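Walk through this protein chain with the sequence and the coordinates side by side.

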Amino acid sequence: MSVKDVSIDPAVPGLLEKAENDGLETVWHRFASQQPQCGFGLLGICCRNCVQGPCRIDPFGEGPQKGICGANADLMVARNLLRSATGGAAAHIDHAYEAVEALYQAAVGKAPYEIKDEAKLKAVAGKLGISVDGKDKNTLAREVAEAAFADFANHGAAPMKWLTATAPAERVETWGKLGLLPKNPDREIRTAMHQTSMGVDSDPVNLILATVKMGLVDGYGGLHLATDIQDILFGTPSPVVSDANLGVLDADYVNIIIHGHVPLLSEKVVEWARKLENEAIAAGARGIKLAGICCTGNEVLMRQGVPLATNFLAQELAVTTGAVDAMVVDVQCIMPSLADITACYHTKLITTMPIAKVPGAEHVPFDIEKVDETARQIVRIAIEAFKNRDPEKVRIPGHRSKVVAGFSVEAVVGALAKLNADNPLKPLVDNIANGNILGACGVVGCNNAKVVQDSFHVALVKELLKNNVLVVATGCAAHALGKAGFLTPEATLQYAGDSLKAVLTAVGEAAGLKAPLPPVLHMGSCVDNSRIGDLLKALAAYLNVAVKDLPVAASAPEYQHEKAIAIGTWAVALGVFTHLGVVPPVLGSQVVAGALTGETAENLLGGKFYVETDPIAAAQGIIAHIKDKRAKLGI
Ligand code: CUV
Ligand code: SF4
């Protein structure tokens, strides 16, 4: 079988052909062989929550309308949705928890990480009400880690500290009134699994509210906690120039790809790759090239300038270049098929986490106390593998695009402070108020085999920029936009509407960049969606309105992961109009679909989901929403 027209990434067609010639199947081949996909599953109306099942509901109303226990379509859809959001939140919470453990171990001298960002450490401590006076950085870091641990050990009635310390006060009050404030992330996950098990909650509305609460668990116990701790440990990102796409691999070098989400090991791999250049040269290479896939890629791009190899859907094709000596993976979004692909080349697939092993891969366990040894060993495995590379099998696509990344809130405010030191947000807000910037949209999330790779991201963003909507991006969306050339000053000249172009040019000049700011600001990985939340909080505070009143929106055009469901729910809870470009499995229930996309969500939370599978129509929907919010603000 041959597949075509699956991606707009120019590096894909040639490599796909190579994969087929090498006798390999990819995600797109498997997607084709899955067609047609199960209609019950697509609508969310099947249940496997007990062993009397599986049960399914006839969506046409002729067959069964209830499962064996009596569960109807509304209950199945609501229960499945909460379980998905819980799965996503669990991934982020586990990630954040590992970062906290690393910070604690570093602070007590047990893990070889240096605490790089003392200013961020103090800022986070300040928000938590921890006094910073006279404390050295290790003492303060230990206390911040202990405050995070306290959330996980919270057996009382008080809400999660990380939430109350970082979320907008107006939101905390709103969520409190609705009874949605989470207490302890682990406990909320346990409760949600219990609530959705056979014969517990059968009220779809109660389950929807629990899903919103899970969004908050994700947003603050996962995203915000992970970002804060990673910034403290590894530094808060600031703008950095690099490249994106598989052309960043180099046949003359040892090529190491780091893939996954948690930067605890990859930061060290970057360090050791630099230290062991000489060993690579001794092995006959000109040095070592690193490149990232998925959110680990975003993390090391922002803080270390490591180029992006590619995003989720093309991870297999990265290996089919035949030029990757080691693919190092941690957790999340790692295709099990990678082992089949690496088996066809000299590439070493290296798993590192106890919960993420792949049969056929070499497992080099991540041990926080010995992380230097682990990283050194991994780099040496890559250098050894390089010696076995078959030049006949190498085909590196020529495609690479320049990217400017690393726009943390601190960096954005820093750039704006060059225009107005006392009131950095004023120039931005003034330009929103006068209409030069119509509004802003966070374009985030994954690739999904149901969508031509990167096509929705690019078409949507082109239309938004043309209409003077500023875009911020994270996750695999940021990769997509990077590969397509949107993370550059040149893109401002090419794609931004006239008034947006003028503002970005003025800010870029004033910030001393000698070029416009890019029209799409790369704000990081998926957990760094917390940065977008912080930016919204700051804008709302400056204007003295609620986040839900701002002329902004979010979009996950090509999302696939349960994590995206959790993040999207958090965004809606924050009051953000949140577009989805892939239909979530909720259409089997009018109650659930209606509540999430209609007035119920909007009245309670100020935000709602908006599902639209056509990029231009989606852009128009987002723009209409932004205009509506502007009108209500009287601007
Ligand atoms: Ni966290 S979740 S595919 S966007 S990394 Fe990309 Fe990244 Fe996975 Fe989705
Ligand atoms: Fe069927 Fe009810 Fe069991 Fe689900 S919980 S599988 S609907 S009997």
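Cysteine 446 is buried, because 26 other C-beta atoms lie within 10 Å. The cut-offs are these: a residue is buried if 20 or more other C-beta atoms lie within 10 Å of its own, exposed if 12 or fewer, and partly exposed in between, with C-beta atoms placed from the backbone. The model is predicted: local features need pLDDT of at least 70, side-chain atom pairs count only at pLDDT 80 or more, and totals for chains, interfaces and linings use all residues. Residues are numbered from 1 along each chain as its sequence is written, while chains are lettered from A and ligands numbered from 1 in the order in which they are written.

Where does cysteine 446 lie? Its place is the loop between strand E11 (439–443) and helix H19 (455–466). Helices (H or I, at least four residues) and strands (E, at least two) are DSSP runs, numbered from the N terminus. Set aside neighbours within four places in sequence, and cysteine 446 is in contact with Phe312, Gly475, Cys476, Glu558, Tyr559, Gln560, His561 and Ala564. Two residues are in contact if their C-beta atoms, placed from the backbone, lie within 7 Å.

One of those partners is Cys476. Cysteine 476 sits in helix H20 (residues 475–483). It counts as buried because it has 35 C-beta neighbours inside 10 Å. Not counting residues up to four places away in sequence, cysteine 476 touches Cys294, Asn311, Phe312, Gly445, Cys446 and Asn447.

Both cysteines belong to an annotated group. UniProt, in an unreviewed entry, lists His261, Cys295, Cys333, Cys446, Cys476 and Cys526 under "binding site". They are spread over 266 residues of sequence, yet they cluster in space, with a largest C-alpha distance of 12.8 Å. UniProt positions are given in the numbering used here, feature names are shortened, and annotations may be inferred rather than shown by experiment.

Now turn to another annotated set. The unreviewed UniProt entry also places "binding site" at Cys47, Cys50, Cys55 and Cys69. These span 23 residues of sequence and cluster in space, the largest C-alpha distance being 10.7 Å. Cysteine 47 is in strand E1. With 24 C-beta neighbours inside 10 Å, cysteine 47 is buried. Leaving out residues up to four places away in sequence, cysteine 47 touches Gly53, Pro54, Cys55, Gly67, Ala71 and Met76. Cysteine 50 falls in the loop between E1 and strand E2 (55–56). It is partly exposed, because 15 C-beta neighbours lie inside 10 Å.

A further "binding site" feature in the unreviewed UniProt entry covers Cys38 and Cys46. Cysteine 38 lies in the loop between helix H2 (27–33) and helix H3 (39–43). Cysteine 38 is exposed, with 10 other C-beta atoms within 10 Å. Cysteine 46 is in strand E1 (residues 46–47), and it is buried, with 21 other C-beta atoms within 10 Å.

The chain divides into domain 1 (84–234), domain 2 (246–393) and domain 3 (404–633), with bounds from an automatic or database domain assignment. The C-alpha centres of domain 1 and domain 2 are 30 Å apart. Between them, 12 residues of domain 1 are in contact with 11 residues of domain 2. On the side of domain 1 that touches domain 2, helix H4 (73–107) and helix H10 (204–234) each supply at least two residues. The largest share of that side, 7 residues, comes from H4.
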